[in-house]
Amino acid sequence: MSSLNKSPFLRIFLSYLPLLILFFSVFNEFDFNYLKLDYFSFNFVHLLIFFWTLRNPEHLGYLAIFFAGIINDVVIGIPIGISSFCYLLLCSVTAYIRNITLSPNFIKDWISLLFTILLINSIQVIILDLIFLIKVDYMAYLINSGITFIFYPIFFIIFNFLNERISYQKND
Amino acid sequence: MATGRDDFVIAIRSAFLKKKDKQKFSLLSLIFLSIFVIILSNFNFKAIKIIKLGINEVIYRSSYIVSIPENKISEIITKIKLHLYLHESYKKELIKIENTEQIKLLNDFLNAENKKLRELIDESISSEEIFAKVLIDKESPYLKSVVLNKGTRDKVKIGMAVIDEVYLVGQIIEVNYTNSRALLLSDLNSKIPSVLEPDDIQAVVSGTGNNFGIIEHTQDEYKEGLQDNEIIAYTSGLGGLFRPGIPIGKINKGTAGKINFFTDFTQLNYVKIVSYKVGEEK
């Protein structure tokens, strides 16, 4: 087990894991929609970007996030560039929070996530509805934002565990 | 107060402009780049079109490969559900089969009669069918669409109807070289000119973003009449894109213009892309 922990492959794999998950989720539109629950959807990518750019930005580059946004737009079928813009706005909020915070606090992060996803979803709706004249379901966006906010603690635990493993591998 | 404002400015400047934490690009430059991309994607220059087609081709194919595990899970869940309800569905199918023979005879007669009447008015309907596989079927909460594996190479054009068995599913909204995107009837942006039978009311079937549609652009007095009967919505062919008479969905009694589509959009595997020419003389 000890030798496995020191494996260079594992170290490299773990350090790229957030990036792999990001690209896998944008290509796959991961949201459990096959469960067929009415209105049930959450934005996994928002949670992933929020956590990693806030807690360990070394493992999720802004350029990769930009390209992930482009891929997401193509897969969903909305004009190219909108998701990139929204993801980067999410990054700017996390960068600002990182700059003004001395000791990270989960509750404060969680509340800032709510305001951030409401802001970026509003911007996305405004761009789609008012500029590109594509009709969108406001209720779906609102519920999506709500469920994304509620799911943050669960993914926080998972990502935090992963983050600790990465740090452990790095400092080993 | 001034110190607080200075701190805010420093934090903002640091967040947007500084390339730290091993980041190769500053946030501000990438935000400007994404705005530039949004503006560019709004233009229809030839170069931009070609780049967009290239991006779409690569990403659709990659997405299809990446989605294979999730699609398999979804397939297994569907199979388990089908297995559980096998007895119930068998009973339903049995009743359907009993009625089918009678309906088929009536249908054959009506088809022959329809053909004769069209010949009398020198009108014909010619159609071309292209069979396509659904590559990406993501039930996104934002846009309801599917990506198909046929594109300009197979003579697919924007506006062509997409049909599952005999039921209308949607229409082509974007065409690339080897694939295309079809907007489903359930999408908020979908508007299909239709006719409501047996009352023969012209209407527009609109998507709602959910698994049902609604009737739009119909006078209120007609809408009241829809409450008491079971209504079938067919394409009217008025837009010139669709052949008249393709079944869209059913309005049950007392549901006030709510259309239940005949096709389950989550179960689409293979569809037909169809173009029609109506009204040309033989």
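In helix 3 of chain A, the residues His46(A), Ile49(A), Phe50(A), Thr53(A) and Leu54(A) meet Tyr87(A), Leu90(A), Cys91(A), Thr94(A), Ala95(A), Ile97(A) and Arg98(A) of helix 5 of chain A (contact: C-beta atoms, placed from the backbone, within 7 Å). By class, this contact has eight nonpolar, three polar and one charged residues (Ala, Val, Leu, Ile, Met, Phe, Trp, Tyr, Cys and Pro are nonpolar; Asp, Glu, Lys and Arg charged; the others, Gly among them, polar).

This is a predicted model, in which local features need pLDDT of at least 70 and side-chain atom pairs pLDDT 80 or more, while totals for chains, interfaces and linings use all residues. Residues are numbered from 1 along each chain as its sequence is written, with chains lettered from A and ligands numbered from 1 in the order in which they are written.

| Helix pair | Angle | Axis distance |
|---|---|---|
| helix 3 (residues 44-55) and helix 5 (residues 82-100) of chain A | about 30 degrees | 9 Å |

Helix 3 and helix 5 of chain A are therefore roughly parallel (angles under 35 degrees).

Chain A has seven helices and zero strands (DSSP runs: helices H or I, at least four residues; strands E, at least two). Of its 172 residues, 40% are buried (20 or more other C-beta atoms within 10 Å of the residue's own, C-beta atoms being placed from the backbone).

In chain B, helix 4 (residues 68-84) has 17 residues. The number buried among them is zero, so helix 4 of chain B lies largely in the open.

Conventions
Expected span 1.5 Å × (residues − 1). Buried ≥ 20, exposed ≤ 12 C-beta atoms within 10 Å, placed from the backbone. Axes fitted to C-alpha atoms, helices over the stretch in contact; angles between N-to-C directions. Parallel < 35°, antiparallel > 145°, perpendicular 65-115°, else oblique. Contact = placed C-beta atoms within 7 Å.
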